Amino acid sequence: MDLGLAGKVAVVTGGSVGIGLAVAKGFAAEGVDVLIVARDTARLDAAQAEIAAVGGGRVAAVVSDVGTAAGCDAVIAAVQQTFGGVDILFNNAGTGSNETIAEADDAKWQYYWDLHVMAAVRLARGLTPLMAKRGGGVILNNASICAAQPLWYEPIYNVTKAALVMLSKTMSTEFIKDNIRVNAINPGFVLTPDWIKTAKQLTADTGGDWQGYIDTLAKDNAPIGRFATPAEIADFVVFLCSARSSYSVGSTYFVDGGMLKTI
Ligand code: NDP
C-alpha cells in the first residue's frame, strides 16, 4: 500500500525514545522529514542518529520542553526554519503520574495539564496555519487507555489524558475546514524502556524477574496476553497520518490488545 507520505514533514514530540522514537522511524522509512522534540540532549542526539540510519526522510531535532509556552514556540520556529513548513503533528510527549487526589498539590495538576493538554493547544495554534498553507495536514494526539479506563494510582494522568481526547474531538471540528484531520489514539500497555525500568525497580527486592512481572501484568489485564511493541503502535500511527486514512476525523482509536472492558 502506498501511504503517500513521501516528502511530508512531521513533528514528533517525545521522539527520543519509546513510542515517539518508533513513530519517527516509521515516518522516516516512508520518506517523511521528521523533527523530533525532547528535553534530554544526549538521548535526543542518539535518537536522531538512529532515525537517520533508517534512511528515507531527513531528521532534525530540537531540545525543548513542550510543557511550556516558550518550548512550544521553539518547536514551531524550528520546523519552519529547518523544513519550511509542516504537514503532520504527533503530540506524544507525556508521562504517567502517581498520587492521590487528596495529596497532590495544584502545581502537579498544572504540570500535567500543561504537558498533556496545553502542549497540544499551543502547537496546534502555531502549526495549523502552516498546515493550512500547504493545503491541509494531520494532528494525532497520543492519549491512553487511561483516558477511558482509569488506573487508580494515577488520577492526574487519567484526567489530563481524558481532556486530551476531548480536545482532539473539539479540534477536529474546528480544523477540518482547512483539511486538517485530528484524531487520537488510546494505547494500552506498550513495552517502552520506561516500563522495563519500572518493572526492574519493582522486582529488584524479589529476585529481579522483571520479564515475569511484565508478563503477569499483561496476562491479568489485556486479553492478548502481552504488551505491544512500540513498533506496533507506530504502524498504526503512520497509517492514521497518511492519505490512506483520509476519512478518519475526530475519532479516538484504542490500540490495547483488548484491554478496554467496555464497548
Ligand atoms: P517514554 O517515557 O518512553 O518517552 C517519553 C518521551 O517524551 C521522551 O522522548 C521524553 O524525553 C519526552 N518528554 C517527556 N516530557 C517532555 C516534555 N515536557 N517536553 C518534551 N518532551 C518530553 O514514554 P512512552 O513512549 O511510554 O509514551 C509516549 C506517550 O504514550 C506518552 O504520552 C504516554 O502517556 C503515552 N502512552 C504510553 C503507554 C505505554 O504503555 N508506554 C500507554 C498509553 C499511552 P525527555 O524526557 O528527554 O524530555
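A: A polar atom of the Asn-186 side chain lies 3.1 Å from the backbone nitrogen of Ser-144, a polar contact in the sense of a pair of N or O atoms within 3.5 Å, where within protein one must be able to donate a hydrogen and the other to accept it, and residues adjacent in sequence count only if both atoms are side-chain atoms. Asn-186 belongs to strand β6 (residues 180-187), strands being DSSP runs of E with at least two residues and helices runs of H or I with at least four, numbered from the N terminus. Asn-186 counts as buried because its relative accessibility is 2%, where buried means under 20% relative accessible area (1.4 Å probe, protein chains only).

The model is predicted, so local features need pLDDT of at least 70 and side-chain atom pairs count only at pLDDT 80 or more, while totals for chains, interfaces and linings use all residues. Residues are numbered from 1 along each chain as its sequence is written, and side-chain values use heavy atoms, with hydrogens and water left out.

Turning to the ligand, an oxygen atom of the ligand is 2.7 Å from an N or O atom in the side chain of Arg-39, another entry is a polar side-chain atom of Tyr-157 at 2.6 Å from a ligand oxygen, and a polar backbone atom of Val-190 lies 2.8 Å from an oxygen atom of the ligand. The protein covers 92% of the 880 Å² of accessible area that the ligand has on its own, areas that come from the Shrake-Rupley method with a 1.4 Å probe.

Note on methods. Buried means under 20% relative accessible area, exposed over 50%, partly exposed in between (1.4 Å probe, protein chains only).
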